[in-house]
Every structure is written in structure tokens, then in C-alpha cells.
Amino acid sequence: MTLPNPSTPPAARLLHHQVDGPSAGPPLFLGPSLGTALSVWDAQIAGLARDHRVVRWDLPGHGGTPAALFPAGGGIAELGRQVLRLADALGVERFAYAGISLGGAVGSWLAVHHPDRVTSLALVCSSARFGEPRAWHERAALVRAGGIAPVADTAAGRWFTAGFAGSSAARTLLAGLREEVDPHAYAALCEALATHDLRGRLAGITAPTLVVAGRDDPATPVAHARELADAVRGSTLVELPGASHLANVERPGAVTAALLSHFAAGAGAGDDASRHAAGLAVRRTVLGNAHVDRALARTTPFTAVFQDFITRYAWGEVWTRPGLDHRTRRCLTLTALVALGHHEELAMHLRAALVSGDLTPEDVQEVLLQAAVYCGVPAANGAFAAADRILAEITHAAQEK
């Protein structure tokens, strides 16, 4: 890690942060949503920090960042400048950036006002304008008068789908909102969101941009994501079914895969070593670490060239392309494997898709019915049998735990 120079602001004036991953990896900053700490990104760290130097930071009055770090009347611009101060202190000149909701707004501001610093941008459940200012001012007044409890009581409905709200991950984040957030800082950040409006500046974003939306998100509906994607030239939009506002928590595998693909596409162009690293990261996300480790362990001097080829070409070039999300690519892959009768590969991809949560049993059923029409009943018959067997194995394994 590069040491800060003597003019660097003291640590007390920097956002609280955590650094993961190789010190020589390309820097990637992760911004949190209002009411959460840097732990909101926990599910993505194993994948992202494999090759990136990941820097997560806390909002003022959240986690480990002092509330006093956010001045009265401060806006999104002040948060953006604090991220730049943190980057300078860490010796980072240019970095990729991903942010959730408010954290995404900070990333948008950075990409608009400091395009020389942002190499690639991902906006998760974010917006160019977070609704009418009046609602944010009312929430700020509510918190100043009654503390965090009133908003914490209703946060589950804003952050998660009903089926996920009782999960351990959801309960942990909701407890963090109650216990680790300063109400006055929360209120000040609500007022910052009230004034945020980048709609007229989005066309100025030149960094490659990924926009991720949860289709069941009441806080930043899909329409907000589509507005971002339509305005930022060349951007990619991924819409996740079964996900609400904290989509990276509710659909961790899908969001991690989308981020890996996006940042790999920006970092790996034209370089075999970079393509191999990007491909290996995506291969692990799609098929799982255990499967990839087994495949690599079986590599011999004779098969090594093939392992390198599929990692660079299939995973590092095709699966990392931004045009299709991984869920769609999984469906296409299953259909092709059914058509060609590659049952061993079909079983592997079926298991990986179901275990990751990218596809549900109902999704697989629909894919195989579609395959029955266009690939033939005998091919689909074998595919249904394989899927039924894998579902039984997954159910049994879950019951054994």
C-alpha cells in the first residue's frame, strides 16, 4: 500500500474504510446506501477482492465514520470530495467505483465532475434524482424528533422483498441501522438526497457504466434505473427479479457476477493475462469455487493449454461481455446443452445456476419446456430427468445441514 504524503489529511478527517485484496490490484471503491455500513458489501468481497484492491467506506455517522465529518448543509458533492481525499490518502489516482443508492449518487457525481479519476462506474439501485424533496425533508424531521427508530421500523419494507426480510442477512443490516447510525447525520444525509439532481448532467459521464436495478425496489424503482441507463451513453442495464432496494444483499451472486463482468470488461481489454484473471473470476462466480478448483487440480501439462483457452476466451471474453446479464447467459447455455445432448455439462450448469440462486426451479422448468419445443421431446426428457435429480440432491444437502 502506498503511504500518504505529509500533506495528507489526518486519519480523523478521512472516511472510515476497509481495504481488501491484493495491493497491486486495480483499485475499486465501494459506496454504501443510506442507513448501512461498509458491511453491506460483505457478500461481494470474496469475488471482487480476488483481483481488485477493494476500498469500502462508511458514510458520516454510519459505522466507523464520525458524524462530524459531514458539515451542516453538506450535499452529495461533499461526500464525493471526501472519497477523493480518501483516494489521495491511499495513493490512488484512478479507480473503478460501485455504489448502492446514495453511494451510487456519489459515484455519479464523481464521474460527472472528476471523469479523470473514475475508470469504470456501477450504479446499484440508484437514481439521478431520488423523488420529491419534500419526502426527504419530512424523513429528516422525523429522525431529528424521534431518533432512528421510526425509520428503522419501516426499513425492511424499503430494503427487502417480503420473503427475504426475515433472513439473517436482513436482520443483521436492520440491527445495524438501529445501533450504528447517528440520527443527526442520517437526517443531514436525507437533506443531501433532497437536493440531489444529476438528470441534466448524465450525458457527461464517459466512464463505462453498469446500472443494476431490483424489479421489486420501492425506493428506487426500475424506472429510475432505466432513466440512468438511457441517459449515460453506452451503459448496460441489468434488472434483477426477486430483488428489492439492497439487491446486492438479496441477490448476491447475480450482482457479484454483473460487477465482475463489468469491471473485467473495462480492465481486461487486449491483455491475455488480464483476460485470464477476469475470466477466472467470472468462471468461479458462475460455476462455484469448488468446481473450478477441482477442474484446475485435474489440469495436466497436456490439458493446461485448453484450460487457459476456455478461461481467456469463453469466460474472459464472452461471459464478461456487458450485452447480456449472467442469468440470460445461463438460460442460453442450458438450451444449447439440451439441444446438443451434452448431459454432463448440462448437469454441471444446472447445479451451478440453482445453487447460486440465479435461476429458480421454476425458471429451469420454463427453459426446459422451451427446449422441448425447439430441441425435441427426447432431448428435453433427458434434461428434465437430470434437473429433477439435481433438485433432489440440492434439497437433500440442505436438509442435512
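Within helix 13 (residues 304-318), F306 and F309 are 3 residues apart and are therefore separated by about one helical turn, helices being DSSP runs of H or I with at least four residues and strands runs of E with at least two, numbered from the N terminus. The model is a predicted one, in which local features need pLDDT of at least 70 and side-chain atom pairs count only at pLDDT 80 or more, whereas totals for chains, interfaces and linings use all residues. Residues are numbered from 1 along each chain as its sequence is written, and side-chain values use heavy atoms, with hydrogens and water left out.

A search of the whole structure finds 6 aromatic pairs, a pair being two rings of Phe, Tyr or Trp (its six-membered ring) with centres within 6.5 Å, stacked if the planes are under 30 degrees apart, edge-to-face if over 60 and tilted otherwise. The ring centres of F306 and F309 lie 6.5 Å apart with the planes at 35°, so this pair is tilted. F306, at 47% relative accessibility, counts as partly exposed, as does F309 at 39% (buried is under 20% relative accessible area, exposed over 50%, partly exposed in between, with a 1.4 Å probe and protein chains only). Elsewhere, ring pairs link W159, F160 and F164 into a cluster.

Of its 17 lining residues, V238, A258, L324, D325 and H326 are the closest to the centre, lining residues having an atom within 4 Å of a point. Helix 10 gives the most to this lining, with 5 residues.

Technical notes: 1 Å grid on protein atoms, 1.4 Å probe; cavity = no way out; pocket = protein on both sides within 12 Å on 5 of 7 lines; lining within 4 Å.
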